[in-house]
Amino acid sequence: MKKEDKEIIIAKISNTLSEYSCVYLTQTSGLDAEKTSALRRACFKDSIKMLCVKNTLLKKAFEASETDYSELYDLLHGETTLLLSNTGNAPAKLIKKFRQKNDTLPLLKGAYVEETVYVGEEQLDTLSHIKSKNELIADVIGLLQSPAKNVVSALQSGATKLHGILETLSNKEN
């Protein structure tokens, strides 16, 4: 491959990396064509971009990126497949779901999620339980609404009690 071609590929990979906040490095060697196609379809369905790249080109793309991926350099050996997403837990959930149907692959080498690096297969459960940005926003909104709902509920139940007491008193006088 010519040097110019490599530079173009590195630039494309770097641009693709800049579009996503979460980068998962996985090993998919050992999957046959049918299972690889099934993994690609599952990634597409869950809005996860799957790329198979050469480690040397990926390292150069990491180096060219504005984000510091230096902790992932040691993981660039053997076959590497990138799973890119803007939802932190989506690739981890996909890997776990895919494994239920298809052996033990893909293997998690490491991940860069929201400026935090996770290294090793044992981090898969941790990554799958990370809440996405939208889930966190929903939790905060729920917490903010809770006191208001309690006040409204107390006022409504108080009004119902007051109405019941007044009605009872008015019936007694008759």
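Me: Before anything else, what do buried, exposed and partly exposed mean here?
Reply: Buried means under 20% relative accessible area, exposed means over 50%, and partly exposed is in between. The model under discussion is a predicted one.

Me: Then which class does I165 fall into, and why?
Reply: I165 counts as partly exposed because its relative accessibility is 48%.

Me: Where is I165 in the fold?
Reply: I165 is placed in helix α6, which covers residues 133–173.

Me: What does I165 form on the surface, and with which residues?
Reply: Together with L166 and L169, I165 forms a nonpolar patch on the surface. The accessible area of these residues together is about 290 Å².

Me: Turning to the whole chain, how many helices and strands are there?
Reply: The protein has six helices and five strands. Along the sequence, they follow the pattern α-β-α-β-α-β-α-β-β-α-α.

Me: What is the radius of gyration, and what would a compact globule have?
Reply: The protein has a radius of gyration of 26 Å, whereas a compact globule of 174 residues would have one near 16 Å. The C-alpha trace spans about 100 × 35 × 25 Å along the principal axes.

Me: And what share of the residues is buried?
Reply: Buried residues make up 34% of the 174 residues. The protein exposes about 11200 Å², and carbon and sulfur atoms supply 54% of that area.

Me: How about T28: buried or exposed, and why?
Reply: T28 counts as buried because its relative accessibility is 8%. T28 is placed in the loop between β1 (22–27) and α2 (33–45).

Me: Which residues does T28 touch, leaving out those up to four places away in sequence?
Reply: T28 touches L39, E79, T81 and P106. With T81 there is also a polar contact between the two side chains, at 2.8 Å.

Me: Now the backbone. What is the phi of S47?
Reply: S47 has a positive phi of about 60°, although S47 is not a glycine. Most residues other than glycine have a negative phi.

Me: Where is S47 found?
Reply: S47 is found in the loop between α2 and β2 (49–53). S47 is exposed, as its relative accessible area is 58%.

Me: And E114, what is its phi and where does it lie?
Reply: The phi of E114 is near 50°, a positive value in a residue other than glycine. E114 lies in the loop between β4 (107–113) and β5 (116–119).

Me: What is the accessibility class of E114?
Reply: E114 is partly exposed, because its relative accessible area is 49%.

Notes. Residues are numbered from 1 along each chain as its sequence is written. This is a predicted model: local features need pLDDT of at least 70, side-chain atom pairs count only at pLDDT 80 or more; totals for chains, interfaces and linings use all residues. Side-chain values use heavy atoms; hydrogens and water are left out. Patches are made of residues with over 30% relative accessible area and no salt bridge: like charges are joined within 9 Å, nonpolar side chains (Val, Leu, Ile, Met, Phe, Trp, Tyr) within 5 Å. Accessible areas come from the Shrake-Rupley method with a 1.4 Å probe; for residues, only the protein chains shown count as cover. A salt bridge is a side-chain nitrogen of Lys or Arg within 4 Å of a carboxyl oxygen of Asp or Glu. Helices (H or I, at least four residues) and strands (E, at least two) are DSSP runs, numbered from the N terminus. Buried means under 20% relative accessible area, exposed over 50%, partly exposed in between (1.4 Å probe, protein chains only). A polar contact is a pair of N or O atoms within 3.5 Å; within protein, one must be able to donate a hydrogen and the other to accept it, and residues adjacent in sequence count only if both atoms are side-chain atoms. Contact means heavy atoms within 4.5 Å. The radius of gyration is taken over C-alpha atoms; the globule rule is 2.2 Å times the number of residues to the power 0.38.
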